[in-house]
Each structure stands twice: as C-alpha cells, then as structure tokens.
Amino acid sequence: MAGKYIMALDAGTTSNRCILFDHAGKICATAQREFSQFYPKAGWVEHDPYEIFNVMLGVAREAMMKLGVTASDIAAIGITNQRETTIVWDRTTNQPVYNAIVWQCRRTSEYCSMLEKEGWEERIREKTGLKLDAYFSATKIHWILEHVEGAREKAERGDLLFGTVETWLIWKLTGGKVHVTDYSNASRTMLYNIYQLDWDQELLDLFKIPRSMMPEVRNCSEVYAQTAPEYLGGPIPIAGAAGDQQSALFGQQCFVPGSVKNTYGTGGFLLMNSGETPMPSSHGLVTTIAWGIDGKITYALEGSVMIAGAVIQWLRDELHLIDSAVDTEYLASKVKDTNGCYLVPAFVGLGAPYWNPYARGVFIGLSRGVNKSHMVRAALESMAFQANDVLAAMTADSGIALKELRVDGGASANNILVQTQADLSDITVIRPACVETTAMGAAYLAGLSVGYWKDSADLVACTRMNGDEGREASKAEEHFVPSIGDEERQIRLKHWQKAVKCAQYWTEI
Ligand code: ADP
C-alpha cells in the first residue's frame, strides 16, 4: 500500500482544516485556520477564493509537518466542503471574477420570490429535489453574470468556469487542469437533474447560465487527478469529494437505507440514506444525492434545523444564563424536567419541516417555579424536539421506521441532549468516540478509491472493531436508549406541537 495516511481537506464556512487519518481511522495530525468573512451589505456573505485556497494549502502543509511526513506518505486526498458556495473564475487567467458568494448569502431572495410567483417552485423540485431558495448555487451564478461587468460576455464566449469550493480547490491544486465536481455537490446547485443525472438544460436556460461553465460531474470516490507537485512536495492523488453533510453521513458509515445522522452544530443537519431511488418529500424535506460511487447513486432525504447549538450561544451571549456551553449539562442535570416550560427558538423563522420564515421564538408554559435550570433544560430539549420533527417527516416520507440515529457536531457532547433525543424519538442514539465525521467521510471516500480500504466492509472492519492497535474511530461509541414510556413521550410531543403553533401564530395575530 503506497502511502500510510489519508489526507482529508475540510473546507468549512469559517475555517479550513486538514486531518491526516491512518488505516484504523485514527486522527494522526490536524491543522486548522480561520479565514475572512465579508459582509458587504445586510444579509450578504462573501469569502475570498484565493484566501480559501491559500489557507487550505497552509493547513495541509502544517499537518504534514506536524507528523513529519512527505507526499509519498499520503495515499490520497479527500475533500469535503461548505456546500452551495459559488465561485466563478476565468479559465485562462485563473482569476475569480467576483468573491465567493456563500451559501448563507440572501442577496438573491427577491429573485427567488419572483421565480416562485412565476410558478417555478414545483418544476425545480421535480428536477433537482430542492426547494427554490437563495441558498443554492443557481441564483448566485445568475447574480454574478448579471452584476459583474463583462461577466456575461465572457461566459457566453466560454471563458468562465463555475465551481463550488471543492471544484475550485481541485482546479487550483491541479494547476488549472481539471474542472470537476462530484454528485453530492452537483445536487446542491439547483441546476442538476438528480433523476437524469445531468445539468438540466431548462434550468440552465432559466438562469441564463452557459453549459460550458459547468464542471464535469464525477463519482464521490474516484481519482480525479494528481496534485501539481509544487504544492505538497510531490504529486498526491485527489481521490474523493463530497459536500460536508453528505460526507458526515458517509463518515458515520450510514451505508444502509434508513440510516440517519444528525449534526448538532450551530444549526442541525439531518440526513437519511434513502437508497438507490430518489424519494420525493411531501413533508417539508429536500431530496438530494448522498453520494455516487462507481456510477451508482445513493440518495438522501435532508432536513435542516436553523437554530440548534445557536440556542445555547443565545443563553450565553444574550441572556448571560451560562458562562460556556458545557455549563448547560450541569445546570440541566439539577432538575428532572423543564417544569412545564418549552422554548421554540424560531429566531430566524422555522426550517424543516415547517418552512415558516415568519415564525418567531417563544418561551411558553412559564409558572412561578420555573428557574434557570428549567430554562436551560428547555433550551437543550428544543434541539431534540426540532430534530424529532425532522425525523418524523423522514419516517412519513419513507415509510421506514427508524431504529438508530447517529450524532455528531459540537452539541452532541451533551449527554442530556442526546438522552432526550433518544427519549423523544424513541430511538437508539449512537455517538461515535470521534465526532470528526465530516473529515472522516472525505477520507473514507478517497481511501476506498485508491484501495487503501478494499471496500465498505473492510472500512467498517478496520475502523470500528475494538482492538489494541489504535482502532479508534468508533471504539468507544456510546449508545443512548429510550428511557421514558410512550404516554410521557406523547404528552411532551403534544405540548411541543402547541408551542410550535404559538411560535407560528405570533406573527399572524
Ligand atoms: P459549527 O460547525 O456549526 O460551528 P460545532 O459543531 O462546532 O458547530 O458546534 C458548536 C455549537 O454547539 C455551538 O452552537 C455551541 O453552543 C454548541 N455546544 C458546544 N458544546 C456544547 C455542549 N456541551 N452542550 C450544548 N451545546 C454545546
């Protein structure tokens, strides 16, 4: 086996990271650096594509240096990335024509509303599986072509290329030789037909985007090219790519239909492997591509919760109820329940499955005896209730009774949160020892394509088995099983539903 390690490049929204994994899925070295966020107007968010690349190159070199390895020690590179973020550059000069427009950027919201009024919502969903929204890349590319001087003419001449962040990194790392994306990232552009597996001509026409701008769509686990030798001291195969949430699903080894993961970060991201046929949602979820391997597509159902860990930041920064996020566990453990109060943190509206941008937060059910611990507990429970609403939508769409939920993200460290999830969802919640699942997914995809791991069974065997030579990836995974009865569960869910109604009615009254 050439190369002892797999390099994962994790291109996040606020920082880039490089992690070097070994054959047992153990983290051997890591380096991370933040990069600049630009907010040119209210609701606009941009990144500098050069900075994204330079910071990534910096952390890759740093991680290699920490471990004292050279390019020949690295078997392959896998990339995972903030999804939907849009970069357009000149294929000859390699110069971006504008900053990267970040997934969070709302500058094209009005354009989306206009398209909705024209009746495009259903058509777009039928083709892409997505909800017509400014998050996805299509309207961001359209904006660049409409607003950057000379961009449209250049694009029509075939001089401009589009890419999400992994495409840009691969282009740069190969010295401008390879213009590719992978199925999972393609499925987030709102231009990719997830049924026909091709860029959709009707949508390209709608958004006035020349087909020549679009990258070639490749498998998530495949050697795209070698890095140009000058960057990392020698050529290394770039052998895998996936959007961050899909990568986490793969990193959690959710390989069978019906397996689900939730990432409790600032927001909450739930993805369910829904198998080889795309499953349209009638319960407020989006249908997307989990990954494509050997030309075989695995689809996913996805639902996002807008405020998850952010509710804990609110307790800390605005209410000053806690000094740090970890305090929540101790405070919540001082009481056995929330004393009848519920918090719906609809600070920016409600995401899946409600999609109500007008809802606002409510703290409800307050009585004289409610104290700080009860409120903190209600905040933790709000993360679990919201995730449960998405899980219920997944069950309703798929008809699959979910048995296990695998969790990761910063807030998954909280035992009360994870136990509450098991209780409310009547499901076993599994927390792996290593919650770096996003980077692990990219490493696994890359490792599989170069034979570092033979196949998914080999991967599971190497990284999950308990052993004494550092087989750590899931060594001490913890299982949380439901501890309440059905009657109590139903009562709590009913109260939560009432609280959600209040959050929604608030702006209507
Ligand atoms: P992101 O990748 O979105 O930045 P992370 O996965 O790093 O998020 O998770 C950070 C979030 O998790 C923060 O919103 C923080 O409030 C929350 N968090 C971190 N630790 C805990 C904890 N022990 N209990 C509850 N919430 C936590």
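Predicted model: local features only at pLDDT ≥ 70, side-chain atom pairs only at ≥ 80, totals over all residues.

Residues are numbered from 1 along each chain as its sequence is written, and side-chain values use heavy atoms, with hydrogens and water left out.

Ligand. A backbone N or O atom of Gly410 lies 2.7 Å from an oxygen atom of the ligand. Thr266 places a polar side-chain atom 2.6 Å from a ligand oxygen atom, and Asn414 places one 3.0 Å from a ligand nitrogen atom. The ligand taken alone exposes 580 Å², and the protein buries 67% of that (Shrake-Rupley areas, 1.4 Å probe).

Shell. I found 13 residues around the ligand, with Thr266, Gly309, Gln313, Gly410 and Asn414 the closest (a heavy atom within 4 Å). Helix 11 (residues 310-317) gives the most, with 3 residues; helices are DSSP runs of H or I, at least four residues, strands are E runs of at least two, and both are numbered from the N terminus. By class I noted 5 nonpolar, 8 polar and no charged residues, with Asp, Glu, Lys and Arg as charged, Ala, Val, Leu, Ile, Met, Phe, Trp, Tyr, Cys and Pro as nonpolar, and the others, Gly among them, as polar.

Pocket. I then checked the lining of the second largest pocket, which has 17 residues, with Phe250, Trp291, Ile293, Lys296 and Ser456 nearest its centre. A pocket is an open set of points on a 1 Å grid over the protein atoms alone, where a 1.4 Å probe fits, with protein on both sides within 12 Å along at least five of seven lines; lining residues have an atom within 4 Å of a point. The lining divides into 6 nonpolar, 6 polar and 5 charged residues.

Domains. I recorded domain 1 (5-245) and domain 2 (310-393 + 484-505), with bounds from an automatic or database domain assignment. Their C-alpha centres are 35 Å apart.

Backbone. The peptide bond from Ala352 to Pro353 is cis, with omega near -5°. Pro353 sits in the loop between strand 19 (342-344) and strand 20 (362-364). Leu197, not a glycine, has a positive phi of about 55°.

Notes: Polar contact = N/O pair within 3.5 Å; in protein donor to acceptor, adjacent residues only side chain to side chain.
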